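Let's take a walk through this structure together. Keep the sequence and the 3D view open as you read.

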Amino acid sequence: MFFHIVLERNMQLHPRHFGRNLRENLVSKLMKDVEGTCSGRHGFVVAITGIENVGKGLIRDGTGFVTFPVKYQCVVFRPFKGEILEAAVTMVNKMGFFAETGPVQIFVSNHLIPDDMEFQSGDMPNYTTSDGSVKIQKDSEVRLKIIGTRVDATEIFCIGTIKDDFLGVINDPTTA
Amino acid sequence: MSFATDSPVHSSSSDDFAALIDAELEVGSSGSSPDEQDNEEEEVDADSDDDDSDDEEDDSNDDLNDHRNKRCKTEKLDDLEGPQGSTSQGLIEEKLEVSLNKDTCTHPGSFGQMCILCGQRVDDESGVTFGYIHKGLRLGNDEIVRLRSTDMKNLLRHKKLYLVLDLDHTLLNSTQLNHLTAEEEYLKGQSDSMQDVSKGSLFMLEFMHMMTKLRPFVRTFLKEASEMFEMYIYTMGDRPYALEMAKLLDPKKEYFNGRVISRDDGTQKHQKGLDVVLGQDSAVVILDDTENAWTKHKDNLILMERYHFFASSCRQFGFDCRSLSQLKSDESEPDGALASILKILRQIHHIFFDELDSDLASRDVRQVLKTVRKEVLKDCKIVFSRVFPTKFQPENHLLWKMAEQLGATCSTETDSSVTHVVSMDAGTEKSRWAVKENKFLVHPRWIEAANFFWLKQPEEKFPVSQTKNQ
């Protein structure tokens with residue numbers, strides 16, 4: 001799920017960035033530092049949308065660096081247990097399949113794929129129903145339900161399932 | 001949901017935010033480790049979050065405080081979160097029951113330390129990691145057994161077996177650029193373009209400071225073997241190297257498809273093992289040039305003659321001869337090691353699927369390998385002369401065992417039934433007897449060559465020379 005929230009961060013700025021472009025330098029450094037990172041609490045920071053305010057800078061003793069407390073608005077993405085997501089399949093193997101939504105890696109084990117879908121090996125491994133009408137392979141898009149999440153410093157891992165009503169393939173790359 | 005608006009200076013704390021989300025969603029997502037929260041955000045801790053005296057929120061704040069104070073307790077609380085994970089305390093007893101039911105999950109494996117079946121956190125370090133398939137994937141032993149047996153059925157239906165291939169000296173030969181000798185500098189001008197990898201056989205990988213020569217016939221070999229086998233690469237090289245080589249061998253990703261195992265993925269140091277291969281041992285054939293790497297799976301192994309193209313590779317193995325690159329030659333394409341092994345693989349495949357009459361699932365490719373190997377020197381009776389040191393039990397010698405595995409009968413005494421005398425020296429009594437009796441007199445390398453090519457070699461190619469002091 002996406003959220004638009006305000007976060008705060010203490011930015012250290014080198015004295016060479018001081019001058020009339022100070023604010024711009026501060027913002028571009030903030031973007032570089034924050035966008036694309038994860039925190040367990042907020043999830044993945046997708047983009048900074050605005051600066052709320054920049055507090056008073058504090059000169060650090062001995063270094064000349066200045067610390068600014070910056071409040072910024074940003075869009076974050078965080079998966080939740082029970083959430084329904086749409087994801088693109090990246091890899092299919094006999095254990096199940098891996099899918100991605102943005103930075104989030106989701107694994108759906110073959111225990112959590114409907115029993116009527118069977119694994120087919122070959123150069124394009126896939127899970128197919130016995131009548132061949134539904135096929136999950138690389139680049140398929142699936143709708144799945146998250147049953148477990150874990151966030152570390154740079155990555156978000158999820159366990160998903162498609163063994164439930166209204167879950168499964170939502171497009172077929174072979175016919176698209 | 002308007003978090004941005006209701007977080008002015010005094011209540012923009014991170015705890016507040018998470019509490020709000022949890023309450024708002026009524027979803028038990030605190031399982032996703034609030035204990036990993038960002039340090040910087042923790043500085044801005046909450047003290048003024050009680051404006052909203054909604055029950056649910058209070059409780060979830062309690063939760064969060066617990067998380068911070070006692071880690072051991074957090075785990076319990078996480079377990080308590082049912083799938084709906086409503087945070088009101090009245091439901092806790094019910095949830096206990098739910099969690100009891102959930103605990104019956106056998107946790108067949110984990111991905112990013114979460115059970116692949118129920119999504120719970122598992123910190124169990126048992127089982128085998130499958131880092132080569134995906135980062136963070138680990139499977140328990142029971143699950144591996146289950147996957148192997150279902151996969152086996154699938155594979156046998158397609159009339160395929162597993163083939164595990166080594167890279168260096170088996171399918172190709174690589175050298176560091178700075179190890180090239182002056183004589184080999186010409187190769188730099190001859191290397192093939194990296195644009196269309198599928199045609200060339202000599203590649204300069206400048207970003208890895210390496211030069212790689214594919215063994216002649218390897219493209220045909222992979223193409224034909226892929227019809228009979230599901231193939232794995234298993235190398236003692238590191239992961240980036242293994243993937244790079246896989247790209248050269250299989251530019252279209254039709255043969256290996258993520259089944260590339262490097263030394264970083266193995267479970268034991270300096271050893272290769274079939275435990276990370278998702279195939280039953282009874283259906284795996286291994287091609288490798290190093291017997292010692294496979295101590296536990298010698299019966300699955302077809303030993304390859306080493307391919308030394310570069311001088312540095314010859315030196316590494318202590319050969320003092322000129323390398324193929326220095327001689328500006330190469331292994332023969334139609335009669336090289338890979339071509340002859342492909343014939344053997346075809347034969348093994350044929351016997352396994354078409355000649356055995358036992359139940360398909362009970363067949364064992366290791367038995368087939370043994371039988372095929374026994375055909376190589378069938379009807380040969382071998383006597384050794386000046387091959388083993390005196391006082392050495394001949395039955396224990398490597399060559400003796402090798403000859404027996406190849407189906408030959410070994411003997412210590414000459415008699416009329418003997419067909420071959422294997423000798424290092426043409427001057428010994430037995431050698432002279434062989435010449436007189438018109439028996440084959442061959443060098444020990446004749447047996448080694450038969451062992452590599454799985455084919456009886458022409459005897460006249462392995463003459464025995466007279467030693468000088470005789």
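Predicted model: local features only at pLDDT ≥ 70, side-chain atom pairs only at ≥ 80, totals over all residues.

Residues are numbered from 1 along each chain as its sequence is written, while chains are lettered from A and ligands numbered from 1 in the order in which they are written.

Let's begin with chain B, which has 15 helices and 16 strands. Helices (H or I, at least four residues) and strands (E, at least two) are DSSP runs, numbered from the N terminus. Chain B is divided into domain 1 (9-103), domain 2 (109-139), domain 3 (159-354) and domain 4 (377-461), with bounds that come from an automatic or database domain assignment. Between the C-alpha centres of domain 2 and domain 4 of chain B there are 53 Å.

How much of chain B is buried? The figure is 38% of its 470 residues. A residue counts as buried if 20 or more other C-beta atoms lie within 10 Å of its own, exposed if 12 or fewer, and partly exposed in between, with C-beta atoms placed from the backbone. Now for contacts, meaning two residues whose C-beta atoms, placed from the backbone, lie within 7 Å. Take those in chain B with a separation of 6 or more: 63% of them come from residues 24 or more positions apart.

Next, find helix H6 (residues 141-157) of chain B. Its 17 residues reach 25 Å from the first C-alpha to the last, close to the 24 Å expected at 1.5 Å a residue; the expected span is 1.5 Å times one less than the number of residues. Buried in H6(B) are B:Glu143, B:Ile144, B:Leu147, B:Asp151 and B:Leu155. Seen down the axis, these buried residues fall within an arc of 95 degrees, so they line one face of H6(B). That arc is taken from the directions from the helix axis to the C-beta atoms. On the other side of H6(B) you'll find B:Val145, B:Ser149, B:Lys153 and B:Arg157, which are exposed. The cover over the buried residues of H6(B) includes strands S1 (109-111), S3 (128-129), S4 (137-139) and S9 (229-234) of chain B. After H6(B) comes B:Lys159, with a positive phi near 55 degrees.

Helix H12 (residues 365-376) of chain B can be read in a similar way. In H12(B), the buried residues include B:Val365, B:Val368, B:Leu369 and B:Val376. They cover an arc of only 100 degrees around the axis, which puts them on the same side of H12(B). Among the elements covering them are strand S5 (161-165) and helix H11 (337-355) of chain B.

Now the sheets. In chain B, an open sheet of 4 strands runs in the order S14-S13-S15-S16, with parallel pairing. Its edge strands are S14 (409-411) and S16 (440-442) of chain B, each pairing on one side only. Two strands pair if DSSP finds at least two bridges between them. Strands S13 (residues 381-385) and S15 (residues 420-423) of chain B share 4 bridges, and B:Phe384 has B:Val422 as its bridge partner in S15(B).
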